[in-house]
Amino acid sequence: MGLLAPNVDARLFEIVSYSILKYYYHDQQIYWGFELDKLNKENLTLYKTGRTNANDGGIDFVMKPLGRFFQVTETLDFKKYFLDIDKIQKYPISFIIKSEEPIKDILQKIRDNASKRYSIKAIVEKYMACIEEVINIPILTTRFEETVKQGCLSRILDEIVLQSKVEFN
């Protein structure tokens with residue numbers, strides 16, 4: 001998919017990422033509840049939380065009912081990651097990164113650069129522990145292919161069009 005590349009416009013990358021992940025998760029179910037004999041069965045639902053690439057300090061996507069947060073970025077600057085983690089008081093967060101680099105390399109770069117800034121290793125590790133998942137372009141591509149196999153291509157494309165109309169008028 002040509003819309004998943006490091007040189008794609010940041011707003012379009014965010015829209016495409018959201019559309020893919022919305023349908024990647026949509027038929028996954030969890031069971032939850034407060035009593036074993038009264039469990040709820042619910043599909044995972046991903047929501048956009050605001051305008052694309054708005055620089056509003058908000059979180060990009062949230063998943064119900066798990067309360068997972070997702071932030072889309074194109075930078076490997078650890079300060080941006082740590083700021084996002086601080087915004088949500090060190091609650092776990094997943095990052096969708098516009099990069100083809102392997103995830104282990106991305107995480108190592110973030111850790112190494114943060115370690116240069118913070119001399120106390122425990123501070124760096126506390127922040128790094130808040131990174132729940134990193135989703136890079138190869139993972140998005142794989143998830144796109146999986147959703148296409150499930151018959152969701154037209155829904156993904158419709159979502160991209162809908163979100164693009166909202167974003168680009």
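Predicted model: local features only at pLDDT ≥ 70, side-chain atom pairs only at ≥ 80, totals over all residues.
Helix axes here are lines fitted to C-alpha atoms over the stretch in contact, with angles running from 0 to 180 degrees between N-to-C directions. The helices are α1 (residues 10-25) and α5 (residues 137-149), whose axes come within 9 Å and cross at roughly 50°. The sheet is an open one of 5 strands.

**How α1 meets α5**

- Angles under 35 degrees count as roughly parallel and 65 to 115 as roughly perpendicular, and the crossing sits at roughly 50°; α1 and α5 are therefore oblique to each other.
- As for handedness, α1 goes past α5 in a left-handed crossing.
- On the α1 side, the contact uses Phe13, Ser17, Ile20, Leu21, Tyr23, Tyr24 and Tyr25.
- From α5 come Ile137, Leu140, Arg143, Phe144, Glu146 and Thr147.
- Sorted by type, the residues of this α1 and α5 contact split into 9 nonpolar, 2 polar and 2 charged.

**The sheet**

- Reading across, the strand order is β3-β4-β5-β6-β7, and the pairing is mixed.
- The edges belong to β3 (45-48) and β7 (131-135): each has a single partner strand, so one side of each has no neighbour in the sheet.
- From one strand to the next, the twist averages 25°.

**Zooming in on β6 and β7**

- Strand β6 (residues 93-97) pairs with β7 in the parallel sense, over 4 bridges.

Notes: Residues numbered from 1 in each chain as written. Heavy atoms only, no water. Helix = DSSP H or I, 4+ residues; strand = E, 2+ residues; numbered from the N terminus. Parallel < 35°, antiparallel > 145°, perpendicular 65-115°, else oblique. Left-handed = near helix turned anticlockwise from the far one by under 90°. Contact = heavy atoms within 4.5 Å. Nonpolar A, V, L, I, M, F, W, Y, C, P; charged D, E, K, R; others polar. Pairing = 2+ DSSP bridges.
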